[in-house]
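This report goes through a few parts of one structure. Keep the sequence and the 3D view at hand while reading.

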Amino acid sequence: MDILAKLLCDKLAFCELSSSFEQAKNIVSSNKIPIMLCSDIILNEESLKHSWEITSDSIAAFIANKLDSKLLIATNVDGIYDKDPSLTDAKFINEIDVKKLLSFDESSIDLMLPVLLKEYGFDCYVVNGKIPQRVLSIINEETCDFPYTYINNH
């Protein structure tokens, strides 16, 4: 993850690497986007169990909670489906309650993310990150005429 963070930061002039929550807050206050170097943070964090149920999705939720920020998960599909999106009968889900998502055995997000969303009281967007304009549209709170999934925590 740290290697990918460095590669991404090299390509984006409006971003800066951060290795701590305090440094990330300072980067935000300078109107840049922090890209977290997560390895040291998560290795020393006891609240995140070390298992295959936790991927970058849950780590992003953990960091968003620490920084008191919103959460958007960019993935390689349009959002969340009721089953594997490669199956012809898979149905796209525009909006889902986090409690319902807790019952899913698999989706385009990791299994721990709904647990953390519920614990933190977060809503979350899941969008196709292979189309950067979609990510930017959600960040900029523009009208979105493309598929994405909104996970609500009401």
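Predicted model: local features only at pLDDT ≥ 70, side-chain atom pairs only at ≥ 80, totals over all residues.

## Strands E3 and E7

How do E3 and E7 pair, and over how many bridges? The pairing of E3 with strand E7 (residues 124-128) is in the parallel sense and runs over 4 bridges.

Two residue pairs can be followed between the strands. Leu-72 stands opposite Tyr-125 in E7, while the bridge partner of Thr-75 in E7 is Asn-128. The faces of E3 can also be told apart: Ile-73 and Thr-75 make up the covered face, whereas Leu-72 and Ala-74 make up the uncovered one.

Is Ser-137 buried or exposed? Its relative accessibility is 6%, so Ser-137 counts as buried; the limit for this class is under 20%. Leaving aside its neighbours within four places in sequence, Ser-137 is in contact with Glu-142, Cys-144 and Phe-146.

## A buried residue in a loop

Cys-38 is found in the loop between strand E2 (33-36) and helix H3 (39-43). Although Cys-38 is part of a loop, this residue is buried, because its relative accessible area is 6% and the limit is under 20%.

Which residues does Cys-38 contact, leaving aside its neighbours within four places in sequence? They are Met-1, Asp-2, Ile-59 and Ile-63. For one of these, Ile-59, a distance can be given: the C-alpha atoms of Cys-38 and Ile-59 are separated by 8.1 Å, with the two residues 21 residues apart along the chain.

## A nonpolar patch on the surface

Ile-3, Leu-4 and Leu-7 make a nonpolar surface patch of about 350 Å². Leu-7 has its place in helix H1 (residues 2-11). The relative accessibility of Leu-7 is 51%, and exposed means over 50%, so Leu-7 counts as exposed.

## Two loop residues with positive phi

Where does Asn-31 have its place? Asn-31 is in the loop between helix H2 (21-29) and E2. Phi of Asn-31 is near 65 degrees, which is a positive value in a residue other than glycine. With 72% relative accessibility, Asn-31 counts as exposed.

Asp-68 is in the loop between helix H4 (56-67) and E3. Phi of Asp-68 is near 55 degrees, again a positive value in a residue other than glycine. At 70% relative accessibility, Asp-68 counts as exposed.

Methods: Residues numbered from 1 in each chain as written. Heavy atoms only, no water. Pairing = 2+ DSSP bridges. Buried < 20%, exposed > 50% of the residue type's maximum accessible area, 1.4 Å probe, protein only. Patch = residues over 30% accessible without salt bridge, like charges linked within 9 Å, V, L, I, M, F, W, Y side chains within 5 Å. Areas by Shrake-Rupley, 256 points an atom, 1.4 Å probe, with all protein chains shown as cover. Salt bridge = Lys/Arg side-chain N within 4 Å of Asp/Glu carboxyl O. Contact = heavy atoms within 4.5 Å.
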